[in-house]
Amino acid sequence: MRKKTVIVSIVVILFWAILALLADQIVPFNYHQMGALLNAPPGAVDPATSYVHWMGTDNLGRDIFSRLLSGTRLSLTICLAADLLITFIGVAVGLVSGYFGGAVDNLLMRITDIMFAFPGLVFAMVMVAVLGRSIEAVLIALGISNWVGMARLVRGQVLQTKQMDYVLAAHSLGARPLDIMIHHLLPNILGPILVFSTLIIPGIVTAEAALAFLNIGVDPSLPTLGGLINYGWDSISSHPTEIAFPILTLAMLTLSFTLLGDSLSDALDPKRR
Amino acid sequence: MNKLHFLALLMVIIAGISSPGVQSNTVKAVSHDTFDAGMVNSSATNSSGVKVLHIQGREYSRFDPQMTANNAQATLEGALFRGLLRYDENSNPAPSIALEVPTIANGGISADGLTYIYKLREWKWSDGKGVVTAQDFVYAFQRLVDPKAGSPYGSLLNGIVVNATDIQNGKQPVSSLGVKALDDKTLQVTLVKPASYFNAIASMWITYAVRKDNVERTGLPKDSSWTDPAYGVVVGSGPFIITKWDHNKEIVFERNPNYSGTPAKLDDIDQIVITDSKIAYAAYQNNELDISGFPSDLFSTLKSDPALHQYKAACTNYLGMNNVNPPFDNKLVREAFSYAIDRDTREHVVDNDINVKQLSWLPEGVPGYDPSLGTQFDFNADKAKKALADAGYPDGKGLPEITFNYVSSSDGQKTADWYKEQFKDVLNVDLKLNPIDLKTYLESFNDPAKRLTGLYEWGWCADYLHPSDWMQFVFGTNQANNVVGYSNPQFDKVSMAADAELDPKKAADEYRQAQELLIADVPVVFLNTPTATKLVKPRVLNLTPNALDGGVIGGFFWENIDLAVDNSTSQAALPTAVATKAQ
Amino acid sequence: MVEYAARRMIWMIPVLLAVSLITFTLIHLVPGDPCNPDPGQHPIPPIAESSCKEKYGLDQPLFIQYTHYLANVLQGDFGVSLFDSRTVNEIIVDDFPVSAAFGLGALLIGLGLGIPLGLYCAARRNSTIDRLCTVLTMLIIATPSFVFAILLIFLFAGTLHLVTVLFYRDQWQSWLLPLALLGMRIVALVQRFVRAGVLEILYSDYIRTAHSKGLKQTTVYVRHVLRNGLLPLLTLLGPLAADLLTGSFIIESIFGIPGLGHAFVISVVERDYPLLMGVTLFFALLLFTFNLIVDLSYPLVDPRMAYR
């Protein structure tokens, strides 16, 4: 049963990843090319090229399917990069903080407090003001302002786990702190970390969409899922399909990531085998 | 005035509402059976006989007439304050607190056209304490030009009223302004040139009377808080008084019981701050709003709806470029970009056909409007290619990188994407797109040091309906409003002569000549004139739209607006016809 | 515990200072002139500009501005908003209760529905209901709240006429849609956390031991699983509560709710420095308090963790 879920999730993610990577080969349009059909419904056929816009076109006559593929490609890239960044910083800070405790913990937790209390929106605005509306700016803004949750989670888990007998045993046997952290603590808290990092994937895409909504997202000429949703929001009253496709794609992807994360956490947990 | 009130459209995200709405054939037939009070929202009903008009509003920082630079806000201030003159239904100056419009014939204007006398009528302040005096107007004018007060309209009187320029530049005290009270009921304005359009300026919101002891009362968090009723009674002179300001939520105007003009028919105007046009439209359909905007993508669907009011705003939008620096210092390049824009397609694709293509400078409503001017610069791909080649850039070769600046928003993006494809197709020019946040974009037009390089969409809206607001004031050499750096001595000479001309016929000729010179020089690429669109419930009566009202439909005549009494006494379920109409 | 709490509160001071300093510096890095309230209109004369800057102390070097600001804040004065007619203190007093009411409501909905759902789904892992829950929560998390908002508005206000579209303080029906929108997101989040936390515990040795000792399923659940499984949720709760109480900009702006989230975004757009600083510091204080409460409650839930 579990295997089936994993396989389905992986297939869905791979399907989209491959589709996105091969976007340029799959569709005869590119994301900015404008055709003669404006706001065409799904399945409309361009009489000049007899090309089927099977997701329709937007108000500039651009093929929504082509834009969706390009958008998925960029969103997946941004999301995974930001997720890795967040996870790496968060896990490192949380592990060190939870394991050593005392002054180190206090210092790191105060820094996380500062980061936490600090408005991410202002940070994103500054990044965009300095770097322009770019992928780097969004990546940095997302990464820097979101690792705190992960750090606190990891720290909480570490505080709990390090009291366990086997950790105490390893400690008394003279294992080095790094060894204990990586070999004893990390594997035991991997489940929550995985769940958390899959859980924040949709959060990251939504955050990207929110930045796009406030017009401080990535370069708006490049489609992202968030950008397409934001763009479709303008036409939702007259052409709701335009926003439906990116949302469904997003939901499908996030669902797959979550199921995958759940199954992985089961598989990685030695107790649950 | 506010160049670009359609930019208000872009502010939807934070402060703005989508702009305007009404058409000229005012009074709509009322049909009681198509409107019923909202089922769930008792505040929208009038079962108690209280007439409350609910309109979509936005948040403002203050309602201080001398400190206002935005038509929509000015129109709302017209409910609270009155000035010397006002516009009548045909946008001509008409008496308000002044007894009559001064003319040379009635002796109100001196023969040299330099001295204006306004006789005031008995006009009560809204708190019933005292009447509006000439001294109050002197105070209002002095606040306007006082550079320390920082009015965005402080410079409007420069070069018109005696000493205004020097006061603005800090070289003279405010008391030296050429606006004097001869007695309690007589105001005298002295001009430096015979500006025949001064009565139009005296009809603007910036001359609305404010009472010094109310403006400068103590206990305010800051100077500009005086129009917030949370800090004490706000004294005005208009048909309504502001009684409630629930910030970011709603603003309530109540009928002024001490109003000296025709009393208002409505009891309350309730402006509900709602920024998203989709939500406003849903609220309108749910009978929670009487007047509201709607998502622009529904325009083609709603066009035939009798509830839709559409009228032209006195504005012209253009594609701007710096006339001083290469490559746009070359008139042929500017011409090429004008020829390259397929305006009909642009209107359809980018603006949902809400705006109207226009190639002349003066828009409809401003005397001198002539739609036949400038048509030679309309879309023509061959001419575009030829002009660019003649300029030395055949097929776009050799042209430096050209930036298109736009406001970071989905509307702005749509526009930018369209231009990019269009110029690539016609001129083989690759635009570099530069999205900027709204505030930075707008500020670039105030500060020469922050000017944008490359192309941008911008525009101009009338402060008052006279060509003097459009010629030397906007395109004169080194004028503060001349954002493109256009300079033509011939144009300067003709337009300045026109501004100082007493003979209306001669002035009109000179303005026409000035407009022709301007259009021939292609200082900017003219695009369109925006229209105001609003949905209005049939129960709203006596709306009079105005090209200057900034989309606050009917707001030039608040006191005339009425609501049809709902004889079915409310609370019944919504007729499905209304609810489902535009879904 | 008292000592721990006192220590944390003393720590709060440098944290708040750092937050204020960083925010202050960053917001001044963003271009935009707070003395130009109507940009794009007629240019304001230089004298007006400089007198405005003088009035609000904006002509001073940044560091001096910051120390002035700090001195005022220590006296409880967050300054006057540059855009609004109110003081920042008044804005917070006016707007916070509204946001807090919605936040608290959403939190209660989230915990009230999310915890039982999470427990149920964990207990019946891979059942149809569990799968349905996973799909639904993902759909909720993946769909921007403005899209749900318009759907719910069309359904409940437009078609069924059960509620109003706009928000009216004195009409309880108008609180429902925003509450539901805020709440469903929290339900989804809490459900995922509880489910993951409980699953973790369900498979641990001591639960197996408890089972093998012959304890009743319910007893095991209540005594061990609940208490330990909810720990990760506790960590989430601090920031979540602070976040919720200070309001969601998108929901607030859609329904026209005059809350703190709305005020914050306006302050960013208008470069309203005092308001932005005030709201940021208020948020930091709130967050700090909630995190402290959460940290204080850890040992109460799990005696193995000591205050440190």
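In the predicted model, chain B contains an open sheet of three strands, arranged in the order 4-6-5 and paired in the antiparallel sense. Its edges are formed by strand 4 (115-119) and strand 5 (179-183) of chain B, each of which pairs on one side only, and the twist from one strand to the next averages 25 degrees. Within this sheet, four bridges hold strand 5 of chain B in antiparallel pairing with strand 6 (residues 186-190) of chain B; Val179(B), for example, has Val189(B) in strand 6 of chain B as its bridge partner. Helix 2 (residues 134-145) of chain B lies across strand 5 and strand 6 of chain B, and its direction makes an angle of about 170 degrees with strand 5 of chain B.

Chain B as a whole comprises 16 helices and 20 strands. Of its 583 residues, 58% count as buried, and among the contacts in chain B with a separation of 6 or more, 69% are accounted for by residues 24 or more positions apart.

A further open sheet of chain B has six strands in the order 13-17-12-16-14-15, with mixed pairing. Strand 13 (356-357) and strand 15 (431-436) of chain B each have a single partner strand, so that one side of each remains without a neighbour in the sheet. Strand 12 (residues 315-320) of chain B and strand 17 (residues 525-529) of chain B run antiparallel and are joined by three bridges, and here Asn317(B) is found opposite Asn528(B) in strand 17 of chain B.

In the loop between strand 12 and helix 8 (331-339) of chain B lies Pro327(B), which is joined to Pro326(B) by a cis peptide bond with omega of about 0 degrees. Asp353(B), located in the loop between helix 9 (343-349) and strand 13 of chain B, has a positive phi of about 65 degrees although it is not a glycine. Val522(B), in the loop between helix 15 (504-521) and strand 17 of chain B, likewise is not a glycine and has a positive phi, of about 45 degrees. As to their surroundings, Asp353(B) counts as partly exposed because it has 15 C-beta neighbours inside 10 Å, whereas Val522(B) counts as buried because it has 24 C-beta neighbours inside 10 Å.

Chain B also meets other chains of the model. On the side of chain B that touches chain C, 56 residues of chain B are in contact with 44 residues of chain C. The elements giving two or more residues to this side of chain B are strand 9 (268-273), helix 6 (277-285) and helix 12 (438-443), and of these helix 6 of chain B gives the most, with five residues. By residue type, this side of chain B divides into 24 nonpolar, 20 polar and 12 charged residues.

When residues up to four places away in sequence are not counted, Ser237(A) touches Lys278(B), Pro295(B), Asp297(B) and Leu298(B). Ser237(A) is buried, because 22 other C-beta atoms lie within 10 Å.

Methods
Residues are numbered from 1 along each chain as its sequence is written. Chains are lettered from A and ligands numbered from 1 in the order in which they are written. This is a predicted model: local features need pLDDT of at least 70, side-chain atom pairs count only at pLDDT 80 or more; totals for chains, interfaces and linings use all residues. Two strands pair if DSSP finds at least two bridges between them. Axes are lines fitted to C-alpha atoms, for helices over the stretch in contact, and angles run from 0 to 180 degrees between N-to-C directions. Two residues are in contact if their C-beta atoms, placed from the backbone, lie within 7 Å. A residue is buried if 20 or more other C-beta atoms lie within 10 Å of its own, exposed if 12 or fewer, and partly exposed in between; C-beta atoms are placed from the backbone. Ala, Val, Leu, Ile, Met, Phe, Trp, Tyr, Cys and Pro count as nonpolar, Asp, Glu, Lys and Arg as charged, and the others, Gly among them, as polar.
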